[in-house]
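Subject: Handing over a structure

Hi there,

I am passing this structure on to you, with some notes on what turned up in it. Please have a look at it first, and then read on.

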Amino acid sequence: EDETARFSLIYLTGSDMPELVAEHSGYDISVFTCLDGESITLMDQWPYGAGGSTGYEYLPGNNIIRNVDMDYAGAVIYETYLTVNDDYEVVELFDEGLSIWYFRDINGDGMIDEEEYCDEPVYYYGDSEISEEEYAGYQVRGDFESICGELSAEEILAQLDEDQSDIQGYISDDS
């Protein structure tokens with residue numbers, strides 16, 4: 001009934017069954033999977049757009065989700081990697097978060113003062129400063145794709161119906 005929602009099918013976890021994406025463009029994203037005929041919510045209206053989050057990406061078939069989030073007008077960039085565990089919960093891939101800072105909080109007040117900006121990025125794993133090479137070692141490489149909805153409800157239902165027909169045809173041909 002919500003005509004603003006858009007849908008897609010993606011292969012996030014690597015199973016033969018695609019996940020369903022439901023998106024309110026610029027606001028939130030949800031991802032659902034199916035296990036033993038039951039629907040499981042992996043992401044439930046995760047916000048993006050406002051507050052510096054650029055959205056969510058996935059590495060097709062590899063069970064990796066990436067989010068890039070910015071604070072202080074891009075002076076701090078957070079890069080988060082997530083995965084779906086065996087209990088179908090989306091959890092962080094690493095023990096600590098990755099971030100790049102373009103300032104050093106010299107006075108420790110959590111705010112950027114004019115004299116604290118720096119031209120060279122400072123890399124962090126959690127609260128520990130690390131080298132650019134160490135940071136790059138944590139990054140998951142690959143051809144990430146956006147988790148987004150592209151089809152209306154009517155279009156996704158038609159696609160699911162077509163996929164169901166293909167499956168039924170495949171089963172009949174093998175019998």
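A word to settle before we start: a residue counts as buried under 20% relative accessible area, as exposed over 50%, and as partly exposed in between, with a 1.4 Å probe and protein chains only. This is a predicted model, in which local features need pLDDT of at least 70 and side-chain atom pairs count only at pLDDT 80 or more, while totals for chains, interfaces and linings use all residues. Residues are numbered from 1 along each chain as its sequence is written, and side-chain values use heavy atoms, with hydrogens and water left out.

**Confidence**

pLDDT is the predictor's confidence in each residue, from 0 to 100. The chain has an average pLDDT of 89, and 92% of the residues score at least 70. Helices (H or I, at least four residues) and strands (E, at least two) are DSSP runs, numbered from the N terminus. Confidence is highest in helix H1, at 98, and lowest in helix H2 (residues 153-174), at a mean of 66. Please take care with residues 166-175, where pLDDT stays under 50 and the model has 0 contacts beyond four places in sequence; contact here means heavy atoms within 4.5 Å.

**The aromatic residues**

Rings of Phe, Tyr and Trp (its six-membered ring) pair if their centres lie within 6.5 Å; planes under 30 degrees apart count as stacked, over 60 as edge-to-face and the rest as tilted. The structure holds 9 aromatic pairs. One of them is the tilted pair of Tyr123 and Tyr135, at 5.2 Å centre to centre with 50° between the planes. Tyr123 belongs to strand E10 (residues 117-125) and Tyr135 to helix H1 (residues 132-138), so this pair ties together parts that are 12 residues apart in sequence. Both Tyr123 and Tyr135 are buried.

One aromatic cluster is made up of Tyr81, Phe94, Tyr125, Tyr138 and Phe144. Phe144 also has Arg66 over its face, at 3.9 Å from the ring centre. For that, a charge sits over a ring if NZ of Lys or CZ of Arg is within 6 Å of the ring centre and within 35 degrees of the ring normal.

**Strands and their partners**

Two strands pair if DSSP finds at least two bridges between them. An open sheet of 4 strands runs in the order E1-E2-E3-E4, with antiparallel pairing. Strand E1 (5-10) and strand E4 (38-47) are at the edges with a single partner strand each, so one side of each is left without a neighbour in the sheet. E1 pairs with strand E2 (residues 19-24) in the antiparallel sense over 6 bridges, and Ala5 has His24 in E2 as its bridge partner.

Strand E9 (residues 98-103) is joined to E10 by 5 bridges, with Tyr124 in E10 as the bridge partner of Ser99. Another 3 bridges join E10 to strand E11 (residues 128-130), where Ile130 is the bridge partner of Tyr123. E10 and E11 form a hairpin with 2 residues between them, and Gly126 in the turn has a positive phi of about 65°.

**Single residues to look at**

Tyr78 is in strand E7 (residues 76-84) and is partly exposed, with a relative accessible area of 28%. Beyond its neighbours within four places in sequence, Tyr78 is in contact with residues including Val68, Leu98 and Trp101. The C-alpha atoms of Tyr78 and Val68 are separated by 5.7 Å, although the two are 10 residues apart along the chain.

Two residues other than glycine have a positive phi: Asn63, near 60°, and Ala73, near 55°. Asn63 lies in the loop between strand E5 (53-59) and strand E6 (64-71) and is buried, at 15% relative accessibility. Ala73 is in the loop between E6 and E7 and is exposed, with a relative accessible area of 90%.

Towards helix H2, Ser152 lies in the loop between strand E12 (145-146) and H2. Ser152 is buried, at 17% relative accessibility, and touches Arg6 and Phe7, not counting residues up to four places away in sequence. Leu157, found in helix H2, counts as exposed at 56% relative accessibility.

Enjoy exploring the model!

Best wishes
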